[in-house]
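Please open the model in a viewer and keep the selection tool at hand.

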Amino acid sequence: MTKQNAKDIIAESEKLLISTYTAQPVVMSHGDGIYAWDTDGKKYIDFAAGIAVASLGHAPKAVLKTINEQAAKMMTCQASYATLPKLEASRLLIENSCFDEIFWCNSGTEAVEAALKLVRKWAYDNKSKECNEIISFRKSFHGRTYGSASVMEKRHSQPFFAPYLPGVHFAEFNNLESVKALVSDKTCAIIVEPVQGEGGIKVAEKEFLQGLRALCDENNVALIFDEVQAGMGRIGHLFAYEYFGVEPDVGTYAKGLGSGFPVGCMMAKKKFGSAIVVGTHGTTYGGNPLATAVAATVVKEMLKPGFFESVRKTGQFFMEGLKKLQRDSNKITDVRGAGLLLGVDTTIDIKKLIRGAQDNGLLTTQAGDATLRITPPLIVTEKQAQDAIDILAKTLKEAE
Ligand SMILES: Cc1ncc(COP(=O)(O)O)c(C=O)c1O
């Protein structure tokens, strides 16, 4: 391929690619740890990290070693075969969770699809044929395939994709009464993000999740936690539910699980997992030897002593630093989050703020209508967090 300059690469990509995203002004080249470089050689602190994906940073040695060794050995085999990597990754996740069974897939939305199919079949088999309704939450995000898109309020603003799944009702996040009002004998499941990510980094109140747990138990309804963004160490625990001390029946995972390698999974307690039987679900790439070898390596890295303590400590440091910045600046209106899933609201136009930070060498993303989302690799140090806060302070100042 001939060498092209960034402008030409962006222009040609715009022409060739179906427009699912607003084009960025630079072309990404490579990464190392918490840093990324563009094709012009500019270095960034990458606290977008693929939106909470590069959990161990870019090019983590352990993952590279696993990819090289496993790719040379075997990348794929028919999903019906057991393999050692699939067994090891499954064992690691199950032994360290409240779940009994796992389904492997390739992305977050596929994990959510699997969860939705599972709870509907469970209710069909065990409650009634009419028990197929799902309760979800305003401003939630679960993915872009039909099932996931159906359990998102956004469906109302995208009528061109209709018809969606019927029987989906939306309650207010952190408002238990609004959920109670929607529960009926047709409700098979409640799906909730313990921390709403795309919705603007909204952390669930512990009492709210406890209330959902009790409501589900009382009504024999499945409780699904969509932990695609908040799980896998992001908020200081392997599983996001541990942060809240509330166990779901079903959990969905992706993003940080592969630290950049595409892999996802849906996990369930036996009572629910056993509803899926041969022929009712599956996917060609799900649980392939390469992806599960990577997942096993990532989880093993996270389970090393001190990893989650470090995420919690650095998260605390980051949060306090942002709060100090809020006190020093009159442009920050709110700072919130959990662990290393952080959100900052400001008076500055969000697109300008993200662009300004990028120009100053810090990559972040937007969440919700106007929240600056910070999702660093989980290996970030306090010094590196401070570097990012300093860039943010400079960017806010420049926005005067
Ligand atoms: C909570 C949650 N669920 C599901 C998804 C969908 O994941 P994917 O983009 O891998 O399909 C996302 C992605 O941002 C997410 O944040």
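Are α12 and α14 roughly parallel or roughly perpendicular to each other? Before selecting them, please note that this is a predicted model.

**First stop: α12 and α14**

Select α12, residues 307–328, together with α14, residues 382–398. The axes of α12 and α14 come within 10 Å and cross at roughly 25 degrees. An angle under 35 degrees counts as roughly parallel, and α12 and α14 are therefore roughly parallel to each other. Their crossing is right-handed. To view the contact itself, display the side chains of T314, F317, F318, G321, L322 and L325 on α12, and those of E382, A385, Q386, I389, L392 and A393 on α14. Sorted by class, this contact of α12 with α14 holds 8 nonpolar, 3 polar and 1 charged residues.

**Second stop: α13 against α14**

The crossing of α13 and α14 is right-handed. On the α13 side, select L353, G356 and A357; their partners in α14 are I391, L392, T395 and E398. The contact of α13 with α14 comprises 4 nonpolar residues, 2 polar residues and 1 charged residue. L392 deserves a label, for this residue of α14 takes part in the contact with α12 and also in the contact with α13.

Next, colour the protein by domain. Domain 1 consists of residues 6–60 and 306–398, whereas domain 2 covers residues 74–302. Taken over C-alpha atoms, the centres of domain 1 and domain 2 are separated by 26 Å. The contact between them draws 26 residues from domain 1 and 23 residues from domain 2.

Which elements of domain 1 each supply at least two residues of the side that touches domain 2? Select α2 (49–52), α12 (307–328), β13 (332–338), β14 (341–346) and β17 (371–374). Of this side of domain 1, the largest share, 5 residues, comes from α12, the helix whose contact with α14 was shown at the outset. The residues on the side of domain 1 that touches domain 2 divide into 14 nonpolar, 8 polar and 4 charged.

Move to domain 2, residues 74–302, and select helix α4, residues 84–95, with helix α11, residues 289–302. Their axes come within 8 Å and cross at roughly 35 degrees. The crossing of α4 past α11 is left-handed. Display P85, K86, E88, A89, L92 and L93 of α4, then P289, T292, A293, A295, A296, V299 and K300 of α11; these residues make the contact. The contact of α4 with α11 has 9 nonpolar, 1 polar and 3 charged residues.

Select the ligand and display its surroundings. How many residues surround the ligand? There are 15, and the closest are G108, T109, G143, V228 and Q229. Helix α5, residues 108–126, gives the most to this shell, with 3 residues. By class, the shell around the ligand has 5 nonpolar, 7 polar and 3 charged residues.

**Final stop: two backbone details**

Most residues other than glycine have a negative phi, and most peptide bonds are trans. Two sites may be inspected with that in mind.

Select A162 and P163: the peptide bond from A162 to P163 is cis, with omega near 5 degrees. P163 is found in the loop between α6 (146–150) and β6 (168–171). Then select N174, a residue other than glycine whose phi is positive, near 65 degrees. N174 sits in the loop between β6 and α7 (176–180).

Note on methods: Residues numbered from 1 in each chain as written. Predicted model: local features only at pLDDT ≥ 70, side-chain atom pairs only at ≥ 80, totals over all residues. Near = placed C-beta within 6 Å. Helix = DSSP H or I, 4+ residues; strand = E, 2+ residues; numbered from the N terminus. Nonpolar A, V, L, I, M, F, W, Y, C, P; charged D, E, K, R; others polar. Domains from an automatic or database assignment. Contact = placed C-beta atoms within 7 Å. Axes fitted to C-alpha atoms, helices over the stretch in contact; angles between N-to-C directions. Left-handed = near helix turned anticlockwise from the far one by under 90°. Parallel < 35°, antiparallel > 145°, perpendicular 65-115°, else oblique.
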